Amino acid sequence: MNVTQLIIPELTLLAAAALLFLMGGSNAPKTRLLAPVVALLAMVGALVASLIGQRTGVRMDDTGSLAVTALSVYIKSISIGVGALFVLLAWPTSRDGASNRSISFSTETSEYFALLLLAITGMCVVASANSLPTLFLGIELASIPTYIMVTMSRPHQQAQEAGVKYFFLGALSAAMMLLGMSYLFGVTGEMRLDHIIDVLRRPADGPGIGGSLLMLAVLLMMMSFLFKLAAVPLHFYAGDVYQGAATPVTAAISFIPKIAGMTALIKLLYVAGAGTWALDPKLMKLVWIIAVLTMTVGNVLGLLQYNVKRVLAYSSIAHSGYLLVGLATLVHVKAPEQRGDALAAIAFYMLAYGVMNVAVFGVLMLLPAKVPAPARTAETYDDLAGAGWRHPVLGVVMALGCFSLIGIPATAGFFGKLYLLKPAIQSGNTALVWLAVLTMINAAISAGYYLKIVTAMWSKSDGAGTEAIRDTAHDSAYDLGHQAPATERSVPVLAAIALSAAGILAAGIVFPLTGAIYRAAASATAWLADGPR
Amino acid sequence: MNFVIEHSYLIPLLPLLGALAAGLLGAKVLKHNSHWPIWIGVGASALMAIVLLVGMLTEHHEPGRMMYFMSHWFDWIVAGDEKTGIFNAAAGAFIDPLTAVMLAVVCGIGFLITVFSKGYMHGESGYFRFFAYLGLFISAMTILVMGDNLIMLYLGWEGVGLCSYLLIGYYYEKPAAREAAKKAFIVNRIGDFGFALGILLTFYCFGTVSFFGTGPGSNTGFLEKALHGIANPGTEVYVFWIPFCLMLGAFGKSAQFPLSVWLPDAMEGPTPVSALIHAATMVTAGVYMIVRLGTLFVGNSNAMITIAVIGAFTAIWAATIALRQSDLKKVFAYSTVSQLGFMFVGVAVLAPVAAVFHLITHAFFKALLFLSSGVVMHATGGELDMCKMSGLKRRLPKTRILMLIGCLALSGFPLLSGFWSKDEIVHAAGGKSLVLGAVMLFTSLLTAYYTFRLYFRVFEGPEKIPGGDHHHGLSQGDSESHGPAAQAHHNPEPLSMMLPLAILAIGAVFAGVINLPFAAGVREHALGHFLQQSPSFAMAARVATAKYGTLTDTDKLGLGQEPTSHVVEVAPLVIGGGAALIGIALAFVLHLQNRAKADELAGRFGSVTRVLDAKYWVDEIYQALIVEPARALGRLFWWFDRVIVGGASFMIGVIPQIGGAALKFSTQRGYLQGYAVSMLACLVLILLWMFM
C-alpha cells in the first residue's frame with residue numbers, strides 16, 4: 001500500500017507544523033494569535049482522518065516500515081484527542097499573542113504549537129512503526145520537540161536548567177535505545193518487527209537465538225522506553241523537569257512521551273516474545289519489580305513535596321507504575337483472554353490518565369501564584385490555599401481530578417484501576433495478586449498527597465493563615481486590600497477543563513459509556529493478545 | 001383501567017416529578033404556590049389509583065381465578081451468570097387487588113392530606129420543602145405497594161423511611177424534632193437490618209427476589225417456590241428463618257414492641273405528616289409486607305404465633321399507655337401503635353382480609369383524628385395538652401363534630417367503620433384462642449375509654465382555651481404555631497382544611513360497608529371476595545389448607561375464600577359493640593361528669609399511674625440495655641480505631657515519608673551528572689542481575 005494513504009493524520013499534523021514554522025517568520029501579533037487556531041484545526045482534522053482510516057486488519061506500506069493496526073489507530077486517536085486539549089491549555093491570552101499567565105512564548109508562539117504538533121506526530125509514528133528505524137524516529141520525534149518546549153516555555157533559569165537536563169538525559173536514553181536496536185539487528189539480521197518475530201520463531205534457531213545478546217538488546221531498548229515513561233530507575237529527571245517547565249508544557253510532557261514509551265514497550269515485548277508473549281521468566285520478574293518500584297517511589301516521593309507541580313511529577317511516575325502493573329500482568333498471565341483484558345486495561349488507562357491530567361493541570365493554570373512572576377501560576381500548596389472558596393468550580397474540578405487520580409469510585413480513574421487489577425486478580429497467579437495488593441496500598445499512599453491538594457484548595461485560610469476566606473468572600477474590600485491577583489478567565493483553558501471534567505465524570509458514572517470506551521480499547525488491542533497472527 | 005396498567009409507572013413518577021418541581025423551584029420561583037406541583041402530581045396518581053380500583057372491581061371474575069396484571073418498566077439490577085445464578089431485580093409493577101386497594105388508600109388519603117396541608121402549613125418557612133418531601137413520600141410509598149420484587153419493596157421501604165426522617169425533623173431548629181428524627185431513623189435501622197437479611201436469605205434459598213417471577217403459575221417467583229417447597233438444595237433449614245427476619249423489618253416500620261419507641265416521638269413532625277405517614281400509610285407497610293408475603297409466613301406456625309403474641313402485646317400495652325397521655329397527638333400515636341397491633345393479630349390468626357380491612361378504616365379515621373387535632377392546635381396556638389383546654393365545642397363547632405365521628409369510629413361504636421373491622425379481628429382472634437380474643441376485646445374497651453377521655457376533656461365541659469391571649473407556644477409546637485396561629489385566629493376552620501376532613505369523616509363512618517358480614521346494597525364480604533383474587537391471598541390460603549387441614553369459616557373468610565355458611569354471627573358483634581359502649585360510658589362518667597373523680601382514682605392507684613406515666617420505662621430500658629452497651633462498644637471501637645488502626649495508619653503514613661526523605665536527599669539533588677550516573681548504575685545493576 002502506498003505510504004501516504006497510511007499516514008494521512010501524520011501528514012496533516014506535519015503540514016500544519018510546517019505552516020506554523022513559516023508563520024513564525026512573521027512578527028505580527030495577528031499571526032501569533034492565529035497559531036493556536038491552526039494547531040487546533042490540524043488536530044481536529046488529524047483526529048477525523050485517524051478515525052476515518054480505521055480498518056480491520058493490518059495495513060502495511062511497501063517497505064514494511066509502517067503497519068497501521070487497530071492499536072495504532074486507537075493510540076493515534078487518543079494522543080491527538082488529548083493533544084487538542086494541550087493546544088487549548090497553551091492558548092495565548094495576552095493581546096499580542098505572546099503568552100498567557102502560565103506560559104510565555106515571547107515571539108515564538110507559532111513555533112511552540114508547531115513543536116507540539118511534531119511531538120504528537122512522533123507519537124503517531126510510534127503507534128504505527130513496524131521497523132526499528134521508524135520506531136527510533138518516532139520516539140525521537142515525540143521527544144526532541146518537548147526538550148525545546150520546556151526551554152522556551154518561560155524566561156526562568158529553572159526552565160533553562162530543566163530543558164538542558166531533559167535534553168542530555170534524553171540523549172543518553174536515545175543512545176541506549178540505538179545500542180539495543182543495533183544488537184537486535186545484529187542478532188536477527190532484520191529491521192522489520194514482523195520479520196524479527198519470524199526469525200525468532202524459526203524452529204532451527206528458536207527463541208534461543210543470540211541468547212544473552214538478544215536479552216541485552218531487549219534490556220537496553222526497554223530501559224530507554226522506561227526513561228520515556230519516567231519509570232524507576234530512570235525517573236530522576238522527572239521532578240526537576242516538570243517543575244521547571246511552564247504548566248501547560250508539564251501537562252504535555254507528562255503525557256506525550258509516556259504514551260509513546262508505553263506503546264513502544266508493548267511492541268518490544270511482543271516482538272521479544274516472538275509474538276506469543278513467551279518471555280524469559282527473569283524478564284517477567286524484572287517488569288514486575290520495576291512496576292512495583294515505580295509506583296511506590298513515585299507515591300512516596302510525592303508525599304514530601306511542597307510544590308504541587310513537583311507532586312504531580314511524582315504522581316505521573318506513580319501512574320507510569322500503574323501502567324506497568326498492566327504490563328506486568330500482560331506478560332505474566334497465560335490465558336489469551338486475560339492478556340486481552342490486561343492490554344485493554346492499559347489502553348483504557350492511557351486515555352483516562354491523559355484526561356484527568358489535563359483537568360488537574362488546567363486548574364493549576366487558572367489560579368494565580370501568591371508571588372507574582374512572569375509565566376507563573378499556582379504551583380505550591382500556599383498558592384492553592386482557600387482557592388476553592390473563591391472559585392468553587394475550579395475547586396470542584398480539582399477535587400474531581402484528584403479523586404480520579406486516586407481511583408475513587410464514580411470517576412474514570414476508578415474504572416482505570418479496576419480494569420487494571422481485574423485480570424491480575426482473576427489470573428490467580430500469586431505474584432499478580434500481590435501486585436494488585438501493592439497497587440491498592442499505593443493508591444492509599446497516593447491519597448496522602450492528592451487529598452492534601454484538595455484540602456489546601458478548600459482550607460479556610462488564604463495561605464497567610466490570618467483571614468477566613470469565607471467571611472471575606474463577599475467583601476469587595478478584600479480584593480483591593482490584598483491585591484490578590486485575579487484568576488485568569490481563559491475560555492480555551494476553561495473549555496479544556498470542562499471537557500476533561502465531563503469526561504472523568506461521564507466515564508465514572510455513565511456505565512454504558514465506560515463500557516463502550518473499554519470495548520474500544522479491547523478491540524484495538526485484541527489482535528496483540530491472541531498470539532501469532 | 002388498561003391505560004393505568006399500561007402506564008403504571010406514572011403513579012410513582014408523577015408525585016416524584018411534583019416533588020422535584022417543588023424542591024428545585026420552590027425556594028425561588030414557586031414560593032407559597034409550592035403545593036401546586038404536588039397537588040397535580042398526587043391528584044393525578046390518586047385519580048389513576050381510583051380508576052384502577054374501580055376497573056378491577058367491575059372486572060368480571062370467576063371464583064378461584066386469580067386477577068393480576070404485570071407491567072415491566074425497565075431492567076434495573078441484573079447480575080451474575082448462569083453458573084452463579086442470576087440476580088434480577090426488575091423495576092416493574094405487580095398489580096392485583098391488594099395493590100389496587102393499597103394504592104387507593106395511599107394516593108387517595110395522600111391527596112386529601114396534601115390539600116389540607118396547604119391551609120395548615122401556610123406561612124411556614126420551608127413551605128416548599130414540606131411539599132417536596134410529601135411528594136417524594138407518596139412516590140416511595142406507591143413504589144412500595146406496587147413493586148413486583150423484594151428489592152422494589154425495599155426501595156420504597158427505605159424511601160418512605162427517609163421521608164419520614166426528613167419530615168419528623170422538619171422543624172430542625174427544635175432539638176426535640178432533631179432527636180425524634182434520629183430516633184425514628186436509627187430504630188428503623190434495626191428492623192431494616194432484619195428485613196435486608198430476610199431478602200438475602202430469600203435469594204439464597206430460592207434464587208430469586210421476585211414475588212411471582214414471570215407470573216403466578218410459572219413457578220419462577222419465590223412465593224410459588226415456597227408454596228411448592230422448592231428451595232435451593234441445602235438451604236431448606238434457612239427457609240424457616242426468613243419470616244422471622246422479614247418480621248423484624250415489619251415490626252420496625254409498623255412500630256411494634258419493642259421497636260415501637262420511635263412512633264410517639266415522631267409526633268414532633270407537622271401534624272399532616274403524623275396523619276399521613278405515621279398513622280394512615282407508612283406505618284401500615286409492615287402489615288402490607290406480611291400480607292403480600294403471606295405464603296412464606298402462613299406455613300410457619302412459629303412465626304405466626306410470634307406475630308400474634310407481639311401484636312396482641314403491643315395492642316394492649318400501647319393502649320394502657322394512651323390512658324394517661326395528656327398530649328393529643330401522643331394519645332393518637334399510642335393508639336396507632338395499638339391499632340397496628342390489632343392488624344398484626346389479624347394477619348397472625350389467618351385473617352389477613354380483616355387486617356387489610358382494618359388498615360383501610362383506620363387510615364380514614366386516624367387521619368381524620370390527627371388532622372382534627374391539627375385544627376385544635378391551630379386554634380389554641382400550638383397547645384396540645386388536654387389538661388390545659390376544655391369545652392372547645394363553641395369555638396370549633398365543625399371540628400368538634402368531625403372529631404366526634406373519628407372518636408366514635410376509633411372506639412368501635414356500632415355501625416361505624418371501626419366497629420366492623422375491629423370486630424372481625426377480635427372475632428377471628430377469639431376463634432383461634434379465647435385468651436387472645438379476650439385480650440383484644442379488653443383492648444377495644446381501653447381504646448374506647450382513652451379516645452373519649454380525650455374527646456370529653458377537649459370539646460365538652462366548661463370552656464377553657466389556651467393561647468387565646470397570644471402568649472402561645474413556649475413548649476409544644478413552638479415553631480409550628482407562629483404563622484398558622486396568627487392566621488387561624490381569624491377563622492380557625494377554613495374551607496380548604498374542612499373539606500378534606502369532611503371526606504375523611506364520610507369514610508370513617510361508611511368505610512365499613514366494603515366488608516360487611518351481610519349483604520346490604522353491596523355484597524357481603526365484598527373486600528374479602530375482591531382480595532381473594534390476589535395471588536398472594538390465594539397462595540397463602542393454599543398453604544394454610546395444606547398445613548392446618550380444613551379451614552374454619554372464619555379462616556376462610558380471612559383468607560378471602562367463600563364461607564360455607566352465610567349465617568351472620570351476631571354475638572361477637574354485640575360483644576364488640578358492648579365493649580365500646582362501656583368504654584365510652586366510663587369516659588363519660590370520669591371525664592365529663594366528674595373530672596375530680598378521675599384524678600382521685602388516679603391517685604388511689606398511684607403505682608399503676610406512675611408506671612403508665614413513665615410509659616413502662618421503655619425508653620429508659622432502651623437506654624440501659626441498648627444505648628449504653630452500644631455506646632460502650634462504640635468507645636471500645638473508638639479506642640481500637642485510635643490506637644490500633646490509627647497507629648497502623650500512622651505507620652503507613654510515616655514509613656513512606658521516611659523512605660521518601662531518604663530517596664529525596666540521596667537521589668533527587670538536582671545534579672545532571674548525578675542523574676546520568678545513577679541511571680547508568682541502575683542499568684548495570686539490572687544487567688548484572690539478569691545475566692548472573
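This tour moves from the interface of chain A and chain B to the aromatic pairs of chain B. The model is predicted: local features need pLDDT of at least 70 and side-chain atom pairs pLDDT 80 or more, while totals for chains, interfaces and linings use all residues. Residues are numbered from 1 along each chain as its sequence is written, chains are lettered from A in the order in which they are written, and side-chain values use heavy atoms, with hydrogens and water left out.

**The interface**

Select chain A and chain B together. The contact (heavy atoms within 4.5 Å) takes 33 residues from chain A and 25 residues from chain B. Between them the chains bury about 2,600 Å², 83% of it on carbon and sulfur atoms; buried area is the accessible area (1.4 Å probe) lost on being put together, summed over both parts.

Next, select Phe236(A), Lys282(A) and Leu304(A), which supply 26% of the area that chain A buries against chain B, more than any other three residues.

**Aromatic pairs in chain B**

Turn to Phe130(B) and Tyr170(B), an edge-to-face pair with 5.7 Å between centres and 80 degrees between planes. Rings of Phe, Tyr and Trp (its six-membered ring) pair if their centres lie within 6.5 Å; planes under 30 degrees apart count as stacked, over 60 as edge-to-face and the rest as tilted. Both Phe130(B) and Tyr170(B) are buried (under 20% relative accessible area, 1.4 Å probe, protein chains only).

Finally, select Phe332(B) and Phe370(B): their centres are 5.8 Å apart and their planes at 65 degrees, so the pair is edge-to-face. Phe332(B) is buried at a relative accessible area of 1%, and Phe370(B) is buried at 0%.

Key. Buried area = accessible area lost by both parts, 1.4 Å probe. Buried < 20%, exposed > 50% of the residue type's maximum accessible area, 1.4 Å probe, protein only.
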